[in-house]
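Please consult the sequence and the structure alongside the text.

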Amino acid sequence: MTATLEVRNVSKTFESDNGDRIQALAPANLGVKQGEFLSIIGPSGCGKSTLFNIIGGMIPPDSGEVIVNGVSVSGPHKDIGMVFQEESTFPWRTVLDNVAFSLEVAGMEKKERLEKARHFVELVGLTGFEHHFPHQLSGGMRQRTAIARTLASEPRILLMDEPFGALDEQTRLLLGDKLLKICDALKQTTMLITHNITEAVQLSDRVAVMSYRPGTIMRTIDIELPRPRDSELISTDKFAAYVGQIWEDLRTEADRGMKAVGEA
Amino acid sequence: MTHAEPHQKQRLAFVLWGPRTAGLLVLLFLGLILEVLVASGIADPSIVAAPSEMLMSLERLFTKDNLGAAFLITLAQALSATLLAMLIGLPLGWTLFRYEVLGRAYRGWLAAMFAAPLVLLYPLFLVIIGRNYGTTITMGVITGSIPVALYTCEALHKVSPTLLKVGAAFNLTAKQTFTLIQVPAAVPDAFTGIRLGLIYALVNIIGIEFLIDFGGLGRVVSTMFFRYDIPGMYAAIFFIILISLLFLTVLKKVERWLRPV
Ligand SMILES: Nc1ncnc2c1ncn2[C@@H]1O[C@H](COP(=O)(O)OP(=O)(O)O)[C@@H](O)[C@H]1O
Ligand SMILES: [Mg+2]
């Protein structure tokens, strides 16, 4: 079964309450191959979350289409699993019940779904915290709970919007390692949105660089680093070369972003 | 670091107990002043009762005037009024949330009613229903259901859009989204409305009981008043305040449990 994702000429303009129009996305094109790990990197405010929400069917695009496995879709698709940038765990559910959520909705037997949920809790390294509530966990642990909850629904395409955005660098690198292992094990098609260059190079087969508003995909870079990888990779020359290359592309865009914010 | 710990513990204890102890001490001090004023004849004992006398009347109220039973009567009314207020307020709050036009049209009215002294409506019900529990409970239900509806509506509006997106991403039906996300997410804020509803019902029921000289705690106050039993009247009021405080504390505890930090 293939799980490919294609974004064709997708654009979006928001209108604020006072009538200002903000073009968040200029027609953007992008394809993700079966089993590929693609990162989208861009300065903040460039329309990454907008693209993420359009692909996940949360908001409709103004033009263009999202194609999953060759079929144009509108609205949420059952093959797509989403991990959101904002706090998204259910505060009234324990870690285990959060992770088992989609299984419960699907009507799976309690014993079976908790067993399965336990497996995903272990996968994200939260064993021992099954019966904790989100408010008893750190931000990183909550985000891992959210990731496990999405993974438990076994989506063929995994979309993540800056899942480690709020975390410190050390935690982020360790979670990156965990994510690498998980993706190697599950082999699903993955699209990760990030503003972190190291993270993008560490995890991806390919990195797509986005321009500042209106956001569009400027170019994609193949990351030809051997797999399996871990965070030790980041001290190699080849890794540094990729980071340098992406920063070169991003610098001008980030600069434009800073200037735009300065003017506003 | 270790030698600093006991000091910190002491500070913590002070922070936790300090305000309460201070509050209690101020209360005791004011009581003492009142006692002295009444004893010295400066304060007229036919208007204010000496705190000592008031406290001693409490026992008499329980043994002779059935204050215990009066409490149970008021409690039963307040609880049934709150239950009915929930049966009305929860669906009403949901309706105002679900149908935006209705919400925009009526939330303001409801908020205005929340601030109005609805107790003044009692003669109307006294005429329609009569001098019985129907009137007291109806007044409790009316005043109690307003905060329940307002807070329920508010709570549903406040549900995190991200959580709703999670539901959409998992392809939940509208019904599943409601029962699995909106309801549990709204519970803590809706409970604040229920707590206020209970307090409003209690206050109004006691007030009406006093005004129509019927029922539980309010009637005891009114009986004492008509009997010119000033210490007894203050004792009954004092007891009502204690009961209200107890209610408030318990409800706050439940609320904190529902909304862990
Ligand atoms: N619902 C919305 N209404 C109005 N403007 C929006 C909305 N969502 C996003 N925007 C604007 O679109 C731009 C891109 O936002 P976003 O996609 O969240 O950027 P990113 O995720 O890359 O930081 C920003 O300028 C943001 O203010
Ligand atoms: Mg974003």
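The questions below concern a predicted model and treat its chains, domains and selected residues in turn.

Q: What mean pLDDT does chain A have in this predicted model?
A: The model is predicted, and pLDDT expresses the predictor's confidence in each residue on a scale from 0 to 100. In chain A, 98% of the residues score at least 70. The average for chain A is a pLDDT of 90.

Q: Which element of chain A has the lowest mean pLDDT?
A: Among the elements of chain A, the highest mean pLDDT, 97, belongs to helix 2 (residues 95-99). At the other end, with a mean of 82, stands helix 6 (residues 169-186) of chain A.

Q: Why does chain A count as being as compact as a globular protein of its length?
A: Chain A contains eight helices and 10 strands. For 264 residues the globule rule gives 18 Å, and chain A is close to that value, so it is as compact as a globular protein of that length. The radius of gyration of chain A is 18 Å.

Q: Which residues of chain A does UniProt list for "domain: ABC transporter"?
A: The span listed in this unreviewed UniProt entry is 31% helix and 27% strand. Its end C-alpha atoms lie 32 Å apart. The UniProt record gives the span in chain A as residues 5-237.

Q: What distance separates the centres of the two domains of chain A, domain 1 and domain 2?
A: The assignment divides chain A into domain 1 (3-79 + 157-263) and domain 2 (89-154). Nine residues from domain 1 of chain A and 10 residues from domain 2 of chain A take part in the contact. Taken over C-alpha atoms, the centres of domain 1 and domain 2 of chain A are separated by 25 Å.

Q: Is A:Thr145 buried or exposed?
A: A:Thr145 is situated in helix 5 (residues 139-152) of chain A. Beyond its neighbours within four places in sequence, A:Thr145 contacts residues including A:Thr89, A:Val95, A:Asn98 and A:Leu137. Its relative accessible area is 2%, and because the cut-off for burial is under 20%, A:Thr145 counts as buried.

Q: How many Å apart in space are A:Asp97 and A:Gly70, C-alpha to C-alpha?
A: A:Asp97 is part of helix 2 of chain A and, at 29% relative accessibility, counts as partly exposed. In sequence, A:Asp97 and A:Gly70 are 27 residues apart. In space, their C-alpha atoms are separated by 34 Å.

Q: Where in chain A does A:Pro214 lie?
A: Most residues other than glycine have a negative phi, and most peptide bonds are trans. The bond joining A:Arg213 and A:Pro214 is a cis peptide bond, with omega at about -10°. A:Pro214 is placed in the loop between strand 9 (206-210) and strand 10 (217-222) of chain A.

Q: What is omega for the peptide bond from A:Arg227 to A:Pro228?
A: A:Pro228 belongs to the loop between strand 10 and helix 8 (237-263) of chain A. The peptide bond from A:Arg227 to A:Pro228 is cis, with omega near -5°.

Q: What phi does A:Asn9 have?
A: A:Asn9 lies in strand 1 (residues 5-15) of chain A. At 42% relative accessibility, A:Asn9 counts as partly exposed. Although A:Asn9 is not a glycine, its phi is positive, at about 50°.

Q: Where in chain B is B:Asn66 placed?
A: B:Asn66 has a positive phi near 55° and is a residue other than glycine. With 46% relative accessibility, B:Asn66 counts as partly exposed. Its place is in the loop between helix 2 (51-63) and helix 3 (67-98) of chain B.

Q: Which residues of chain B does UniProt give for "domain: ABC transmembrane type-1"?
A: The span in question is 87% helix and 0% strand. Its end C-alpha atoms lie 21 Å apart. The unreviewed UniProt entry places this feature of chain B at residues 71-252.

Definitions and conventions: Residues numbered from 1 in each chain as written. Chains lettered and ligands numbered in written order. Predicted model: local features only at pLDDT ≥ 70, side-chain atom pairs only at ≥ 80, totals over all residues. Heavy atoms only, no water. UniProt positions renumbered as here; feature names shortened; annotations may be inferred. Helix = DSSP H or I, 4+ residues; strand = E, 2+ residues; numbered from the N terminus. Rg over C-alpha atoms; globule rule 2.2 N^0.38 Å. Buried < 20%, exposed > 50% of the residue type's maximum accessible area, 1.4 Å probe, protein only. Domains from an automatic or database assignment. Contact = heavy atoms within 4.5 Å.
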